[in-house]
Amino acid sequence: MGSVKEQSIWIGVDVGTTGVRAIAYEASGVSRAAAEAFYPLRTPHPDWAEERPSEILAATEQVVREAADALRHQGRIPSGIALSTVMHSLIPLDAEKKPLSDMQTWADSRSAGIVRALKETEPALCRSFYERTGCPMHACYPLAKILWLKENRPELFARTKFIGSIKDHLFHAFTGEFLIDRSTASTTALYNARALAWDAEILKFIGTAEEMLPPVVSTTEARALTAAAAERMHLTAGLPVVIGATDGVLVNVGIGAVAAGQLSATIGTSGAMRMLVGEPRTDEKMRTWCYNLVDGLWVAGGAINNGGMILRWMRDKICHFSEAQMAALDVDAYDLMTMKAAKVAAGADGLILLPFFTGERAPYWNSDLRGLFFGLSLNHSRSHMIRAVMEGICYGMHSVFDALREFGAVRDIRASGSFTKSPLWMQILADVLGEPLVLPSNSEGAAYGAAVLGFISAGEMKGIADTADLVHAKKVYMPDEENHKTYAHLADISGRLYHNLQKEFAEIAAYQADC
């Protein structure tokens with residue numbers, strides 16, 4: 001009998017907000033090796049959220065090297081690597097395309113004042129920009145970050161010869177070519193989604209020449225790995241590097257949510273809900289964004305700023321569960337918090353959290369928002385607060401879900417992100433949405449989605465729809481009708497709190513900025 005031919009392997013690289021993973025996949029979705037590394041998020045001033053590109057590059061090369069070494073021990077050789085990166089990053093570059101400063105991340109909201117002024121004085125312009133780019137006017141987008149640089153760091157902007165992101169920075173380090181994929185370009189608020197080109201009017205408005213931006217290519221475009229980069233990562237020179245897409249849109253591919261009516265629900269550091277559409281789609285109320293995935297396919301959705309980071313805040317600042325303390329008890333802090341929250345009934349006895357600790361993106365697009373526990377009484381404990389955190393984040397997800405339902409009927413919702421490790425949190429989201437929530441067999445999302453683009457680029461998969469048959473339901477969380485009624489009532493109160501406190505949110509944000 002002849003031997004069974006081994007499947008080819010692509011290494012999907014998922015560069016996240018505070019860490020990076022490299023996972024080696026066969027086309028079937030089976031992972032053969034994985035590695036993970038982390039890097040710090042720097043917050044030197046209020047509303048600043050920066051990272052060092054050199055640290056991200058070093059961590060990325062480390063995990064690819066470790067994954068490649070693990071494959072070598074198995075006698076396997078990767079066919080290539082494909083990239084997924086976070087959205088909305090901005091790196092000023094010199095003439096040699098080297099960073100001139102730390103990178104502004106999506107969470108950086110120092111340009112909120114500029115955005116606020118534009119919304120007040122140029123509402124028609126903001127709507128026009130949104131309809132052309134699919135990006136609501138907000139501080140997370142590079143458009144606003146560039147305006148802030150010009151106004152507040154003119155000497156730095158004068159030295160800036162190129163404007164980059166973490167995606168083109170990594171791709172340039174690996175291949176020597178300065179390019180950006182259409183997915184990442186579509187998340188800058190500078191790219192015309194319908195013309196498929198950098199928007200000349202927007203560039204003129206912010207005073208930036210198109211020559212400063214990288215040329216835009218398809219998300220399945222590949223270039224050869226340089227000898228120097230290959231040596232650093234223990235790979236073969238000339239190996240194809242697929243530029244890939246952004247982590248947000250690749251989640252849908254990785255979990256098999258690739259058909260009409262299928263949504264992805266992700267809660268990690270932040271959170272998002274997304275659905276595939278055949279062309280750029282915008283919302284009359286400007287609640288959602290729309291970004292490219294591959295040629296002819298786009299992802300409409302909305303991301304909330306405040307997801308698992310608020311539960312981490314609860315762990316560190318309120319529960320004071322230190323790593324040493326948990327290690328001594330041989331207990332995971334999040335498991336302990338979940339146990340405490342599970343003892344509290346749905347609705348946390350009327351305690352509501354508005355989880356706007358870092359402002360908010362969808363559906364409000366308001367950087368002035370701040371967190372608020374509402375309804376506190378003497379019978380509430382830390383257990384109630386933990387549950388209210390989980391529920392409040394899910395109320396935010398529901399507000400995005402409401403907007404997406406106007407784009408078409410919902411067939412199923414698939415979950416991904418770190419919250420899938422918590423059955424309680426999964427059940428809460430199913431109850432809040434009032435819809436079944438599917439836990440797919442592969443919940444890694446973006447890393448596998450990136451690898452899929454590698455397989456497509458190499459002609460080994462026809463398209464992203466192929467993942468529909470490869471990713472199956474591991475478990476389905478059915479909504480509890482009574483809990484859904486409770487959450488519908490409290491989510492309505494939560495929404496009214498937001499609308500009724502606009503003036504107070506703006507005042508407290510201004511006060512905090514002066515502290």
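Colleague: Strand 2 and strand 3 (residues 31-38) run antiparallel. What makes them count as joined?

Modeller: There are 7 bridges between strand 2 and strand 3. Two strands pair if DSSP finds at least two bridges between them, so this couple qualifies. One spot to look at is Y25, which stands opposite S31 in strand 3. This is a predicted model, where local features need pLDDT of at least 70 and side-chain atom pairs count only at pLDDT 80 or more, while totals for chains, interfaces and linings use all residues. Residues are numbered from 1 along each chain as its sequence is written, and side-chain values use heavy atoms, with hydrogens and water left out.

Colleague: And what makes strand 1 (residues 9-15) a partner of strand 2?

Modeller: Again 7 bridges, in the antiparallel sense. W10 stands opposite Y25 in strand 2. Strand 1 and strand 2 form a hairpin with 3 residues between them. In the hairpin of strand 2 and strand 3 there are 4 residues between the strands, and G29 takes a positive phi near 100° there. The element numbers count DSSP runs from the N terminus (helices are H or I, at least four residues; strands are E, at least two).

Colleague: Why is strand 2 (residues 19-26) called mostly covered?

Modeller: 7 of its 8 residues are buried. Buried means under 20% relative accessible area, exposed means over 50%, and partly exposed is in between (1.4 Å probe, protein chains only). Helix 6 (residues 166-175) is mostly covered too, with 8 of its 10 residues buried. Among those are K167, D168 and H169. Just after helix 6, G176 takes a positive phi of about 80°.

Colleague: On to the rings: how many aromatic pairs does the count come to?

Modeller: 14 aromatic pairs. Rings of Phe, Tyr and Trp (its six-membered ring) pair if their centres lie within 6.5 Å; planes under 30 degrees apart count as stacked, over 60 as edge-to-face and the rest as tilted. W289 and Y291 sit 4.2 Å centre to centre with 10° between the planes, so the pair is stacked. Both W289 and Y291 are buried.

Colleague: What makes Y364 and Y498 stacked?

Modeller: Y364 and Y498 are 3.6 Å centre to centre, with 25° between the planes. That angle is under 30 degrees, so stacked it is. The pair links distant parts of the chain, 134 residues apart. Y364 is in the loop between strand 19 (352-354) and strand 20 (372-374), and Y498 is in helix 17 (residues 481-500). Ring pairs also link F356 with Y364 and Y498 into a cluster.

Colleague: What volume does the largest pocket have?

Modeller: About 1,500 Å³. Of the 50 residues that line the largest pocket, I267, G268, T269, G417 and S418 are the closest to its centre. Helix 11 (residues 308-318) gives the largest share of the lining, 4 residues. The second largest pocket has about 680 Å³, and the residues closest to its centre include W48 and M309. Helix 11 has the largest share of that lining as well, 6 residues.

Colleague: How many cavities of 30 Å³ or more does the structure hold?

Modeller: 3 cavities. The largest cavity has about 100 Å³ of space, and the residues closest to its centre are S89, G164, S165, I180 and T188. On a 1 Å grid over the protein atoms alone, a cavity is a set of points where a 1.4 Å probe fits but cannot get out, and a pocket is an open set with protein on both sides within 12 Å along at least five of seven lines; lining residues have an atom within 4 Å of a point. Grid points are joined across faces, edges and corners, and the volume is the space filled by probe spheres set on them.
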